[in-house]
Amino acid sequence: MQGDKQVLLAIVVGLFGFAMGLLSESNSMDFPLGAIIGPLMTLVAAFFGAWYAFKLHDNKDKRKRTEHDVKAANRAIFEISRHCNRLATFRKQFLEGKRNDPHRDYSILPVAGFSWDKPEIDYDSLVFLFESSEPNLLTEISSVEQEITSAVDVIRQRSDFHVKRLQPVIEKLEKQHGPTFSPNLISSALGPKDSRVLRMLTDYNYTCVDSAITEMQKVMEKLAGEVRSLYPGHVVISFKL
């Protein structure tokens, strides 16, 4: 806006100087001033009309772009928050209570009917971030999407392993020893290889889910802050667990 005012002032001063020059010239040459002023005023009016129309159109385009960018950011934040909330719910229901359990490999239950849709983030609508103070933010959002995918994959793998490998072993031990038996007996019946795989998948559930939730919170906060900085006064959603 300051630049527009300076350009307008320069044009006004230039036209004023031009008019004064004509006035001086007409006085020295006994030239009828009215023959010049009328067309000059018409020219000035036409110029300012065109300039004002251009500014209206330019401001309209800027408003449309602002609205587009803010909506795109809000959609991205909402989509990430949706997955963050689902992973946080899974962590609370399945992982948190067993975090310090030395036998959590066997005691954490599988997720029944597990299904998960991929994050739907419209990267094309977020290209305005390349012009922001955080041009790498799109890369961070893409990394978060990969974190979500990794966490979901390891949850699914552990659930499948539990159902197909661990559960038959437990059912067999229950028939032999009743409903109560030691975790060491489970490990022995499962075998060293499958026990290691189960331990690895269980540990990955914690590390991948914790990491994905942490990174999602960071990128949502950073994205919201950047959009508020670019477009102050506009509503940008936020997410807190």
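Visitor: How much space lies in the largest cavity?

Guide: The largest cavity holds about 30 Å³ of space (a spot on a 1 Å grid where a 1.4 Å probe fits but cannot get out, its volume being filled by probe spheres). This is a predicted model, where local features need pLDDT of at least 70 and side-chain atom pairs pLDDT 80 or more, while totals for chains, interfaces and linings use all residues. Residues are numbered from 1 along each chain, and side-chain values use heavy atoms, without hydrogens or water.

Visitor: OK! How many cavities of 30 Å³ or more are there?

Guide: The count comes to 1.

Visitor: Which residues line the largest cavity?

Guide: Its lining is made of Phe90, Ile108, Leu109, Val111, Ile155, Arg158, Ser159 and Asn205 (an atom within 4 Å of a point). Helix 4 gives the largest share of that lining, with 3 residues (helices are DSSP runs of H or I, at least four residues).

Visitor: And how does helix 4 pack with helix 6?

Guide: Helix 4, residues 137-177, and helix 6, residues 192-230, pack at about 155°, and their axes are 8 Å apart (lines fitted to C-alpha atoms, angles from 0 to 180 degrees). Helix 4 and helix 6 are therefore roughly antiparallel (over 145 degrees).

Visitor: New topic: is Leu87 buried or exposed?

Guide: Leu87 counts as buried because its relative accessibility is 0% (buried is under 20%, with a 1.4 Å probe). Leu87 belongs to helix 2, residues 34-95.

Visitor: What separates the C-alpha atoms of Leu87 and Val209?

Guide: A gap of 6.7 Å separates those C-alpha atoms, though Leu87 and Val209 are 122 residues apart along the chain.

Methods. Helices (H or I, at least four residues) and strands (E, at least two) are DSSP runs, numbered from the N terminus. Angles under 35 degrees count as roughly parallel, over 145 as roughly antiparallel, 65 to 115 as roughly perpendicular and the rest as oblique. On a 1 Å grid over the protein atoms alone, a cavity is a set of points where a 1.4 Å probe fits but cannot get out, and a pocket is an open set with protein on both sides within 12 Å along at least five of seven lines; lining residues have an atom within 4 Å of a point. Buried means under 20% relative accessible area, exposed over 50%, partly exposed in between (1.4 Å probe, protein chains only).
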